[in-house]
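Here's a quick briefing to read alongside the model. Grab your viewer and follow along.

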Amino acid sequence: MSPLLSEDRGRVRVLTMNRPEKRNALNTALTRALLDGLRAADAAETVACVVLTGAGQGFCAGADLAEFKDLVPEKQHLVEERAELTMQLHLAFSKMAKPVVTAINGAAMGGGAGLAIAGDLAVMAESAKLGYPETRHGIVAAIVMANLVRQAGRKAAFELVSFGEPIDARRALALGMVNRVVEEKDLLQVAISLGEGLAKVDPQALQATKRLFHEVADLPLEEALRRGREANKRMRGFNANLRSSSKA
């Protein structure tokens, strides 16, 4: 059974994490499949947007603890390989030219919570929970912390990663971690509808918007404005060329 399912709904590609018996916990196979699947969707000319969800009752339970027995100091190369793979997966969302909508159908914990908010837009089922329980296991929500701080703000983010208590969908919405909260039965269709809406946006304008969005999010104001100025000039030049072509 493939750890990741892929289905195209028009110009929207739906990627489904497919380890329902493990609540879609991220073992190495699923992590690699996700990274490959996102990159393949980004490269596909027929795909304009990606929707990411989970099979069964959970979105993603985070790292598969069954693999931790091999991630010990005596096998440092395995520790480093897994950490690098995890980092690349969470980085992939912002590096993609095409937008990603996450459809959080159930519990999203630890690394799964990181995936849930890594997309450009997020839709969450009313019954779903989101949390970072790492401290309860004596570890740190390390790789997922960087994106959480950027999205939820420092005070809320510290509360989430220190206490390790999950929050419900309404709290996630209030913190700005998700865009919509819907009934579970409507979740996938709402996410796909958002994807279809994004697919109608001029692709060059949308890609430039996403690239600039991630560039300026963490820059000082003056440098962010400079980046915006350069993007403004590029897009004005593109529009001028487009008008000239239409007159030819």
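The largest nonpolar core has 64 residues, and Tyr132 and Met177 have the most contacts inside it. A nonpolar core here is a set of buried Ala, Val, Leu, Ile, Met, Phe, Trp, Tyr and Cys residues joined through side-chain atoms within 4.5 Å. Helix 1 (residues 28-43) provides the largest share of this core, six residues. Keep in mind that this is a predicted model: local features need pLDDT of at least 70, side-chain atom pairs count only at pLDDT 80 or more, and totals for chains, interfaces and linings use all residues. Residues are numbered from 1 along each chain as its sequence is written, and side-chain values use heavy atoms, with hydrogens and water left out.

**Around Tyr132**
- Leaving aside residues up to four places away in sequence, Tyr132 touches a set of residues including Ile117, Val144, Leu148, Leu160 and Met177 (contact means heavy atoms within 4.5 Å).

- Most residues other than glycine have a negative phi.
- Arg23 is exposed at 51% relative accessible area, while Asn24 is buried at 0% (buried is under 20%, exposed over 50%, partly exposed in between, with a 1.4 Å probe and protein chains only).
- Helices (H or I, at least four residues) and strands (E, at least two) are DSSP runs, numbered from the N terminus.

**The largest pocket**
- The largest pocket has a volume of about 920 Å³, the volume being the space filled by probe spheres set on grid points that are joined across faces, edges and corners.
- A pocket is an open set of points on a 1 Å grid over the protein atoms alone, where a 1.4 Å probe fits, with protein on both sides within 12 Å along at least five of seven lines; lining residues have an atom within 4 Å of a point.
- Its lining counts 31 residues, with Ser94, Ala118, Asn147, Gln151 and His214 nearest the centre.
- Helix 4 gives the most to that lining, six residues.

- Strand 7 (residues 129-131) runs antiparallel to strand 8 over two bridges, and Leu130 has Ile167 as its bridge partner in strand 8.

Notes. Pairing = 2+ DSSP bridges.
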